[in-house]
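The structure is shown first.

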Amino acid sequence: MTLLSARDLAIHNRLHPTALDVQAGELVALIGPNGGGKTSLLRALARIEGASGVVAVDGEDIDEAPMARRRQLLSFLPASRDVTWPISARDVIRLGLDRDDEKRIEEMVSLFELGRLADRPVNQLSTGERARVLAARALVGNPKLLLLDEPLSNLDPYWVLHFLEIFEAAAEAGHMVLAALHDLSQLDRFSRALLIADGRIQMDETPAKLVASERFEEIFRISSANGRWAIRKPADPRSLP
Amino acid sequence: MRLLLVALLVLGAAAHLLLPLTPLREAQAIDPGLADLILIELRLPRTMLVLGYGAALGVSGAALQAIFANPLASPDISGASSGAALGAVVGGYWLGLTQPLLLAACGAAGALGTLALLVTLAGRKADTATLLLAGLAIALAAGAATSLALALAPSPFAFYDAFDWLMGSFTDRSMSQAVAALVPAGIATLLLLRRSRALDLIALGDDVAASLGIRPRRLAMEIIALSAIAVGACVAVAGAIGFVGLVAPVFGRQVSRGHPGKALVPSALIGALLLTIADLVVRAIPLDRPIPVGVITALFGTPLFLWLVVTMRRRVTA
């Protein structure tokens, strides 16, 4: 069932008109070289800046939805982990809800193992700890579409795997997860991968097919040799994209 | 905590209205109507102004700090108060305006001009040093321009006249002056309070707020315009009073457990309470000439400000 349908998404100079359909239960990775447009696509989907086009989740136009409804449809986790104010971790999670739901907040506190940290001001936590709090904020409202920018950075290996399990569980429950990734080591955990470069979706494949393709190596300017990645040396430097 | 604040504020307001008691008692002995006259014509406008101006400073300080994501942004540090003073001086001594409401509008326009300049110079997400330096430069320029406007004013008494008022004074303000300041300030304050939820959400970053349908740029413009109206109208009538707008939100956020938006209401209460206390102190000092109330807030505010700077530095280095 197509749950997300985006048409003519465009941001001047950064994202060319793009269409995207995502089914319920899909776990989608957005990969691509730095500055290629991963974040721009996520921001356009989250209706963050004056992006043109239409984004519909479950048939509802996001631009038309009031705040309470938007929270049920989508949530956005930015790559920045900064919070200026000394708000407690538990209260930061609470900001993800329209109405207080102590039980749901406690669920998030235990899912992200924040018990000991829950009452500490979030701006005094380490970056990795703050990443957990902010992810809990993004998930607490149980939105249909999760737009996550670099959700796995700043995490230690345990938490990388734990986050992936949480995303998989969300997908199994029928949600859609779109995550921009820098590190490709966990790509095989995703059900679908979009390769984004020069402001366009260049490829839309399963991770295995995508990584094996010539186009992937071309765009990332790397190639696989003896099971390891190496920098691709172009024959003629002027032929760089 | 909020109840305690309200109780303290009611107590402070009552003290401000009734103290000193002796003139009231003496008037009462002569004619009960005279005592009422003193209370309603002389003291009530002053008490209303003190409470309203304090609340406006607290709310605008808290809102500006929330939208600039910086605990040092406030009407005085950003140069808004100085800009309002300049606007009121130009309106009063150069344009010859005498209508309190028109002067209040001049004050608001001056504050708006300086805040717009600050956003243009420093940007909304400026780091603390840039924000402070840009605000300082604007405040100094506005202060110099105010002095110049007074020195060159058609009236030879302008400078002498304006001295007391510029540092903040509530002495001998009429009901019509109080109304001229408090109606625009009150409306702007209420509109600011309606934005407290959005200001809490913007603490998660502009992008998260925008994904929920808040327009951060528009919100910033609204906060700046409303703060300028709230503070500017009060400055035009009672002069520029420093530090209340900076310090009240610091305590306000203690009440709101760090939430910048939920801190708006407690900041208003605390701002009103602080200014009430400052004006009670001014009246309690037995001098022939009244001390400008801004002197008192600066005397108490400066150490608090320094403490804030030191704790912020510690947090940054920690």
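Residues 291-310 of chain B are 90% helix and 0% strand, with end C-alpha atoms 30 Å apart. This is a predicted model.

## Packing of α4(B) against α11(B)

Helix α4 (residues 80-94) of chain B packs against helix α11 (residues 216-238) of chain B at an angle of about 50°, and their axes are 8 Å apart. α4(B) is therefore oblique to α11(B). On the side of α4(B), the contact is made by S81(B), A84(B), A85(B) and A88(B). The α11(B) side contributes V231(B), G232(B), V235(B) and A236(B).

The crossing of α4(B) and α11(B) is right-handed.

## Cysteines

Over all chains, the structure holds 0 disulfides. A disulfide would need two cysteine sulfur atoms within 2.5 Å. For C106(B), the closest cysteine sulfur is that of C234(B), at 15 Å, so the two are too far apart for a bond. Seen from C234(B), the closest cysteine sulfur is in C106(B), again at 15 Å and too far for a bond.

C106(B) counts as buried because its relative accessibility is 16%, where buried means under 20%. C234(B) is also buried, with a relative accessible area of 0%.

Note on methods
Residues numbered from 1 in each chain as written. Chains lettered and ligands numbered in written order. Predicted model: local features only at pLDDT ≥ 70, side-chain atom pairs only at ≥ 80, totals over all residues. Heavy atoms only, no water. Buried < 20%, exposed > 50% of the residue type's maximum accessible area, 1.4 Å probe, protein only. Helix = DSSP H or I, 4+ residues; strand = E, 2+ residues; numbered from the N terminus. Axes fitted to C-alpha atoms, helices over the stretch in contact; angles between N-to-C directions. Parallel < 35°, antiparallel > 145°, perpendicular 65-115°, else oblique. Left-handed = near helix turned anticlockwise from the far one by under 90°. Contact = heavy atoms within 4.5 Å.
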